[in-house]
Amino acid sequence: MSVLPSTHVLPSPAVPAAPSATPCGGSPAPAVRTRVLHAVPTVEALPTVVGAGLRVPTLHGDTAYANLDHAASTPALETVKAAVDRALETYSSVHRGAGFASRLTSAWYEQARAEVATFVGARPDDTVLFTRTTTDSWALLSKALPSRTTVFVFGSEHHSTLLPWGRSRTVRLPVPQTLDDAYALLEEALVDHASRHRLVVVTAASNVTGEVWPVARFAHLAHAHGARIAVDAAQLSAHRRIDLAAWDADYVAFSGHKTYAPYGAGVLAGRSDWLDAGTPYLLGGGATRSVTEDGTAWATGAARHEGGSPNVIGAIALAAACATLRRHARAIEQHESRLLARLRDGLDGVPGVEVLSIFGNDSDRVGVVAFTVEGWDSALVSQVLSVEHGIGVRDGKFCAHLLVDELLEDPWGEGPATAVRASIGLGSTLEGVERLITAVAGLVEHGPAATWTRTSAGWVVEGPDPRDVEVERPW
Ligand code: PMP
């Protein structure tokens, strides 16, 4: 029986073999805290996603799925699936076994960490942690903050970035009207709230408007006042470069499921000192250096916060996605800016459509566009797009209630309470964008094709819902 796939290559010597911990008294864990710079050749073609040919049922028969919902979760990349399939052939424990498969799996886990370190532009002494999601990363950081840290966060943040710090130590800043307003609000708050440890938390790209926040400028401002800065890159990671070092930011978090690697891994990367001194996130095997009747000595580095057997498949998936995104960065940016320009232009031409924005029409954006359609409930719009046109979008307040409430504020109280969000990625096509524009224009002009009723469970189409087809379970 052949144990290894024929294409097997031994772990690259780029992974340092120096042991940093022996989890559960087992084999040494290779330490990777160092940024490994891989020069990757640029590939001009777009990488493909799994399920690119998906067809979905609509009222008018099957049609190609128009995936305009990447801001919620991205599909998997083909390269990610291939890496996972390959890693599964020798799947074994991480840092807990002496067998060859365990050794190989452990090495790949640490190589995945090095790949992610490069992807986020980590400095040599940064710690790169695998978590579950951005939400999980912030929960971890929140627990590791020095006591009495004051956290500064804008009301425009996603709830996962707004809430984990605890109300009593959070200084919540209003949703800014302009970027200058944002700097002024932050500066004033930093001046007003002196404390030994302070952390500013900002998003790199809004999950509602797609607007890109100039994090390097916020980092500069935070540091000028002796504060640290943590950047929410959940909406940036699939679209643009994350660069901790160039931004001079202290921490960054992002999620695999929004970065074409939906295998349950996320990332927190940044300064080691608070992480090494902070409460270990998951108490248990792997996070300890020694356990005696007299007490427990906790590990430092990644091991400290990665108690339990790690999600190595998720880490490998994420590393594969990072490598692919770096390789294809230019082609991805061209594809997305073309689709985004058409989407915005097309929506601009539909009467009654209002695109949401914090900083104004000309602000820099990734491919996320939230909009309202005058006279039409956003929940109905998204159902019509799905059932009548085979388009996937999201509606609601996108876990950013304060921001959406602010942007939809209507002095007469009659404005729409929620919005529709179309978000672009590698699973989106120009045809899908055109279909969305035509569908919204058609809705405004003629109303929906079907008859719709509002019920306590939401909007329901008259007659059988075409999506209620019987599909075999995947297991
Ligand atoms: N921040 C932003 C900007 C997001 O868009 C999201 C997810 N919508 C999160 C944080 C939370 O990410 P996750 O659900 O992966 O924890």
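Colleague: Which helices each supply at least two residues of the shell around the ligand?

Modeller: Helix H3 (134–144) and helix H4 (159–162) do. Keep in mind that this is a predicted model.

Colleague: And which residues come nearest to the ligand?

Modeller: There are 13 residues around the ligand. Thr 135, Asp 232, Gln 235, Ser 255 and His 257 come nearest.

Colleague: How do those 13 split into nonpolar, polar and charged?

Modeller: The shell has 10 polar residues, 2 charged and 1 nonpolar.

Colleague: What does the side chain of Asp 232 have an N or O atom 2.5 Å from?

Modeller: A nitrogen atom of the ligand.

Colleague: What about Gln 235?

Modeller: A polar atom in the Gln 235 side chain lies 2.7 Å from a ligand oxygen. Thr 134 takes part through its backbone: a polar atom there is 3.4 Å from an oxygen atom of the ligand.

Colleague: How much of the ligand's accessible area does the protein cover?

Modeller: On its own, the ligand has 390 Å² of accessible area, and the protein covers 90% of that.

Colleague: New topic. What pLDDT does the protein average?

Modeller: The average is 92. A score of at least 70 is reached by 90% of the residues.

Colleague: Where is the pLDDT below 50?

Modeller: Residues 1–21 are one such stretch. That stretch still has 37 contacts in the model beyond near neighbours in sequence. Residues 27–37 also stay under 50. They have 48 contacts beyond four places in sequence.

Notes: Residues are numbered from 1 along each chain as its sequence is written. This is a predicted model: local features need pLDDT of at least 70, side-chain atom pairs count only at pLDDT 80 or more; totals for chains, interfaces and linings use all residues. Side-chain values use heavy atoms; hydrogens and water are left out. A residue is near a molecule or strand if one of its heavy atoms lies within 4 Å of it. A polar contact is a pair of N or O atoms within 3.5 Å; within protein, one must be able to donate a hydrogen and the other to accept it, and residues adjacent in sequence count only if both atoms are side-chain atoms. Accessible areas come from the Shrake-Rupley method with a 1.4 Å probe; for residues, only the protein chains shown count as cover. Helices (H or I, at least four residues) and strands (E, at least two) are DSSP runs, numbered from the N terminus. Ala, Val, Leu, Ile, Met, Phe, Trp, Tyr, Cys and Pro count as nonpolar, Asp, Glu, Lys and Arg as charged, and the others, Gly among them, as polar. pLDDT is the predictor's confidence in each residue, from 0 to 100. Contact means heavy atoms within 4.5 Å.
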